[in-house]
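Dear colleague,

I am passing on the structure we talked about, and below it I have set out what I found on going through it. Please read the notes with the coordinates open beside them.

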Amino acid sequence: MVARVAGVFEEKLTEAIANSKILVVGAGGIGCEILKNLVLTGFPNIEIIDLDTIDVSNLNRQFLFHKEHVGKSKAQVAKDSALSFNPNVNIVAHHDSVISNDYGVSYFKQFQIVMNALDNRVARNHVNRMCLAANVPLIETGTAGYAGQVELIKKGLTQCYECQPKAPQKTFPGCTIRNTPSEPIHCIVWAKHLFNQLFGEEDPDQDVSPDTADPEAAGEAGASALSSEGNTAGNVERKSTRAWAAETNYEPEKLFSKLFGDDIRYLLSMENLWKKRRPPTPLVWDNLPGKDNPPAQHSGLPDQRVWSVHECAQVFAASCDALQKDLKSRPDGDHLVWDKDEKSAMDFVTACANIRAHIFNIPLKSRFEIKSMAGNIIPAIATANAIVAGLAVLRAQAVLRETYRPAPVFTCALRSTIADSCLSRRRVTLTPPNPKCYVCAPKPEVGLACNLKQLTLKDLTSAFKEGLNMQAPDATVEGKGLVVLSSEPGETDHNNDKTLEEIGLNDGCALLVDDFLQNYEVRVRLQQEDEEKSWRLVTDTDAPMPAPKEEEKPANGSNGSDPKPGPSTSRTREDSDSDMEIIEEDDDEPAVKPPKRRRTEMSDEIVNLC
Amino acid sequence: MVENNDIELSEAEAEQYDRQIRLWGLESQKRLRASKVLIIGIAGLGAEIAKNVILSGVKSVCLLDNEKLKEIDLYSQFLAPPDKIGENRAEASLTRARALNPMVEITAETKSVDDLPDSYFTEYDIVCATGLKQEQLERINNACRDSNKKFLCGDVWGMYGYMFADLVDHEYSEEIVQHKAVKRSSDETEKNARETVSITVKRRAIYVPLQNALSVDWMKPEYRSRLRRGDPSYFVMKILLRFKDEYNRNPDPAKRKEDTKILLRMRDELVKELSLPAGFIVDELLLDVFGTVSGAAAVIGGVIGQEVVKAVSQREPPHNNMFFFNPVKCVGFVELYGQ
């Protein structure tokens, strides 16, 4: 192909391409485009990994897939389609997660370049570490709406993906969700929690009943509430929502009366909450707003019409019924997983979020809007993906050229970004590694602030997994060699419920934590903080770390369940090719919007164009 | 401009276009669905534009090309299968183009633009021309302009590329995000009591025809001052358009050495003619202008595709009026010429 047609590229580049082997991680919007460009350019050896299958909503941009491919493996179909462009190249497709022991450091070492076309931070962090460990250049890409970015990551020469702390994903305090919602998103998060309580994996962090330990309600709440409620609602607090629902056979009317009647009356009894707020209004099943009015004339997509409360209740009943049947049809102990593309699951969340919003005088939203918010959908279009993928492959060519010609290419254009299809370049393009990065520094180090008297070994494991993005951490005490945590099943499990203090760890003590798969070791200093309810990463920079924020307020004993330290629960994977930071355009809003003024960069000056 | 279609989207359309409707709104999608697009020149760049425009969900796309598919096309033209070498490029691309989005009507036209009357081009809402000579581009641009139809053109040579837009007198709406204080209760902090609201504003952009953009007087102080801080990409386009005019072809990979010499000579002539600073247009810029490199076609085709969407949906500020991709710096930018 091109690489073999004399004269398109200079000879040495033709040769370098002909001898290259490239790994593409992700076969979504950007991955399809990258694969097309690589194959057409004549890159002869390509491997592509994606664990996903094809959905209808992918078809507006993932052009290697057509309607008949819905439900099939993205990696496999992408490979087949791309081969029709150029049957002479060798493509290996893996329908698999890149985070697997099958793709260790030695696997990564066989490639000249790795190209990331991912949609989530966990996998991006992982591939970043694998490439650092294997010392393979990584081209990292992302788009969000009209904007996008391409960045080259090379060990020792540039920043790694984790050198700059990323803004933590947004979470909400538990008491806002459970007691005092004030925005539609609070009701949506609550509705998703409710879904899990009723049909999904039960998680104590996702309690949906009134939170009597709300510091604002302090003291009087429990007493007055309980005395006035009696046992009518079947012990609002003591029974799990799931058990109660099962007992009532998921009868929609009963569920409705508890969730939107009794629980709301209970909240009203926590009078302190409503001193400065407008109190909520409990609802009665038989008398809901909109019952006698036909739906208003609507133009636009059916999903864009906002339902009346009465309609929401109907949808609530129907979806409860469908979900309950689905749950029952499964083997014992199995549960449903919320999915925005699952009709009943999405209907349920829309209805519940809106009913709760009405109760708290919050504006109602359409199913269309709630889907965006509940599913974290980041809009995606073909053009932005095409531009980013085009840049990424041109960048790959530049990386290969660098192997035989140390050119200024490397130092002058390490990052390209697009905003509204307008590519531009940062003034200072080479960003050297952050010497304090806890991933790519020669001796990585990070602090972990926690209450050693409360944090258990199990919590510590999740801190390493979620905070440090490790897959299977091992930890030993520095200087002593004592194994605190082993990734071998069973070896340290018996200590899981012991606190760090109980296993002999104290303030200032350092752990050597390593992940075999990622070939990554970091020194973790423990810092005693009495106030810390969960755990928090502490780096030497002042910038915020991507540590989880606590979601649930402490509720010592009052709810019958202890506070569970650990990261919040209202996060979901984004549905996009995104999760990137927009590096360029010093606009204040690194959002999907294009910059208001177009800028262009000419050598070292920024010019306004219009 | 495009008639706004009052017919609601079908369920299938809503499903397939979901992710983009969430970006540009239902109204834009309806406008897209009502628009007819002509794409001239179905080599690598034309294929990229066609893919992007077809995926966006326009009413119809006509692929116009009178040339035969050549082996070199396959290195960037993914719509035509390798076994159709020797067939008409537009016709060879039909099957795959239709498979991209069965909801779009796709046709091929095999005549040369020179054999088609002005009235042919003005039947479309927007024309995207690639691979033509300057004279042909200017003729079609002027025909479109006289009928108040939008015109875009562009080309890719090797790793280099450009785009030009003439949207005549273009009205569009732009969403502006504002922060509004919405305190619902006294305990809310400043931060969470703020809400972002987006308001839509109407704007207007006036364009100039291609001939104005290509005949800029570099002696004028406002252009002279651009040279000091400037990127030479505009002149690379000038040189390549001249090459095409003079030799009736693009630089040929098989004649890399000879053609490079010609290009450098033409560069020297242009530098003299416009009294440009010596060393302004570095040799390196003229070394990678052979064939069509897929990555560059993807970048320029992506930009043109996005401008088609902006133009027909009359939403978001379109580029006014040129976009260049400089492969030496791996950077692209928008500049206004000829106004």
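In chain A, the centres of domain 2 and domain 3, taken over C-alpha atoms, are separated by 37 Å. Please keep in mind throughout that this is a predicted model, and that its overall scores are an ipTM of 0.95 and a pTM of 0.86.

To place that separation in context, the domain assignment divides chain A into domain 1, which is made up of 2-145 + 379-405, domain 2, which covers 174-374, and domain 3, which covers 445-538. The secondary structure of chain A amounts to 16 helices and 16 strands, and of its 610 residues 50% are buried. When contacts in chain A between residues at least 6 apart in sequence are considered, 71% of them join residues at least 24 apart.

One stretch of chain A also carries a database annotation: an unreviewed UniProt entry assigns "domain: Ubiquitin/SUMO-activating enzyme ubiquitin-like" to residues 448-532.

Turning to chain B, the secondary structure consists of 11 helices and 10 strands, and the C-alpha trace extends over about 75 × 50 × 35 Å along its principal axes. Buried residues account for 50% of the 339 residues in chain B, and among its contacts between residues at least 6 apart in sequence, 69% join residues at least 24 apart. As for confidence, the average pLDDT of chain B is 92, with 94% of the residues scoring at least 70.

Within chain B, helix H11 deserves a separate paragraph. Helix H11 of chain B runs over residues 294-313, and its 20 residues reach 28 Å from the first C-alpha to the last, which is close to the 28 Å expected at 1.5 Å a residue.

Conventions:
Residues are numbered from 1 along each chain as its sequence is written. Chains are lettered from A and ligands numbered from 1 in the order in which they are written. This is a predicted model: local features need pLDDT of at least 70, side-chain atom pairs count only at pLDDT 80 or more; totals for chains, interfaces and linings use all residues. Domain bounds come from an automatic or database domain assignment. Helices (H or I, at least four residues) and strands (E, at least two) are DSSP runs, numbered from the N terminus. A residue is buried if 20 or more other C-beta atoms lie within 10 Å of its own, exposed if 12 or fewer, and partly exposed in between; C-beta atoms are placed from the backbone. Two residues are in contact if their C-beta atoms, placed from the backbone, lie within 7 Å. UniProt positions are given in the numbering used here, feature names are shortened, and annotations may be inferred rather than shown by experiment. The expected span of a helix is 1.5 Å times one less than its number of residues. pLDDT is the predictor's confidence in each residue, from 0 to 100.
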